[in-house]
Amino acid sequence: MVVTKIVVAAGYGGPEVLAVQQVDVPAPGTDQVLIDVRAAGANPIDYKLYSGEMGRDPAALPMPIGLEVSGVVAAAGPGAAGFTGALAVGDEVVATGVRGGYAERVLVDAKDVGHKPGSLSFEQAAGLLLVGGTAWHLLTNTGVGTADTVLIHGAAGGVGLLAVQLAVARGATVIGTASPARHDQLRKYGATPVAYGAGLADRVRAIGPVDAALDLVGTDEALDTSVELVADRSRIATIAGFGRAAELGIAALTGADGGQQIRDAARPELLALARDGLVEITIDRTFPLDGAAEAHRYLQTGHAHGKVVLLP
């Protein structure tokens, strides 16, 4: 048993409900590892879970926060093997599907742990698997591949930057919407950038026909432009426009729709692509563990251009 600092939501509400507590963490059992956390990825789903919009079960409180981490294996239980092989004390690792990753140490099922490529910093590694798995799910669901042109709305965000790079790696042509300040970054990753706003459909149409569209922002503009430009609505998917997805006949992807299997299977592939330099993780800002509320307020502005990471 070790004592660790951990961030929890003491109630349901805004970032003000977050607090740092000290808790006991047991030694790892069979097929478990204890990770010394070096970096924890912050994601919108983290604050959605304690906001109350996904339920207000009092039994879930205090709620440990954080779904992905990178760090070093501090202890390994019998039979501990991750999705990249056997795990041992001292291994540098990345994990997703974690419960309570905003912590100094966290106990994780070994099946959710993989070896961190040496080419990735801990900050980058902590921001890869969750957004990467989501991007992979979107591209798989819409069948994006060689010779396709895909329109990605919100291409400069955390999921968007991975979706752009993964689509390019698949041989697709990418058109990405973003504010003009982010256009050079999208060009760097091989996308043709366009500014969102009035006339978006015409600007995209001037570049060329679109075979598929990924909506990462959920605005009416993104949804309406997608259905206007893509003939086959089975090749349009959203991770944000849930309210209109059924009406428009497009896929709304959550991971709870059978897609988690796709996301899980992508984990070793994502690590291999990152190891080989085919995808890059952009870190926007880092915060200390006791700055989790500030990190979430920043995430909620929608202005993060890349990953937000907590450093214990």
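Tutor: Let's go through some rings, charges and helices, one label at a time. This is a predicted model, where local features need pLDDT of at least 70, side-chain atom pairs count only at pLDDT 80 or more, and totals for chains, interfaces and linings use all residues. Residues are numbered from 1 along each chain as its sequence is written, and side-chain values use heavy atoms, with hydrogens and water left out.

Student: What makes Phe 287 and Tyr 298 an aromatic pair, and why is it called tilted?

Tutor: Rings of Phe, Tyr and Trp (its six-membered ring) pair if their centres lie within 6.5 Å; planes under 30 degrees apart are stacked, over 60 edge-to-face, and the rest tilted. Here the centres are 6.4 Å apart and the planes 45° apart, so the rings pair and the tilted label applies. By this rule the count comes to one aromatic pair.

Student: Which parts does the pair tie together?

Tutor: Phe 287 lies in strand S17 (residues 283-288) and Tyr 298 in helix H10 (residues 292-300), so the pair links parts eleven residues apart in sequence. Helices (H or I, at least four residues) and strands (E, at least two) are DSSP runs, numbered from the N terminus.

Student: How do you know whether Phe 287 is buried or exposed?

Tutor: Buried means under 20% relative accessible area, exposed over 50%, and partly exposed in between (1.4 Å probe, protein chains only). Phe 287 has 4%, so it is buried. Tyr 298, at 17%, is buried as well.

Student: What makes Lys 116 count as sitting over the ring of Phe 122?

Tutor: The rule asks for NZ of Lys or CZ of Arg within 6 Å of the ring centre and within 35 degrees of the ring normal. The charged end of Lys 116 is 4.8 Å from the centre of that ring. Arg 38 also lies over the face of Phe 122, at 5.3 Å from the ring centre.

Student: Why are H1 and H10 called roughly perpendicular?

Tutor: Axes are lines fitted to C-alpha atoms, for helices over the stretch in contact (heavy atoms within 4.5 Å), and angles run from 0 to 180 degrees between N-to-C directions. The axes of H1 and H10 come within 10 Å and cross at roughly 105°. Under 35 degrees is roughly parallel, over 145 roughly antiparallel, 65 to 115 roughly perpendicular and the rest oblique. That makes H1 roughly perpendicular to H10.

Student: Which residues meet there?

Tutor: Pro 44, Asp 46, Tyr 47 and Tyr 50 in H1 meet His 296, Leu 299 and Gln 300 in H10.
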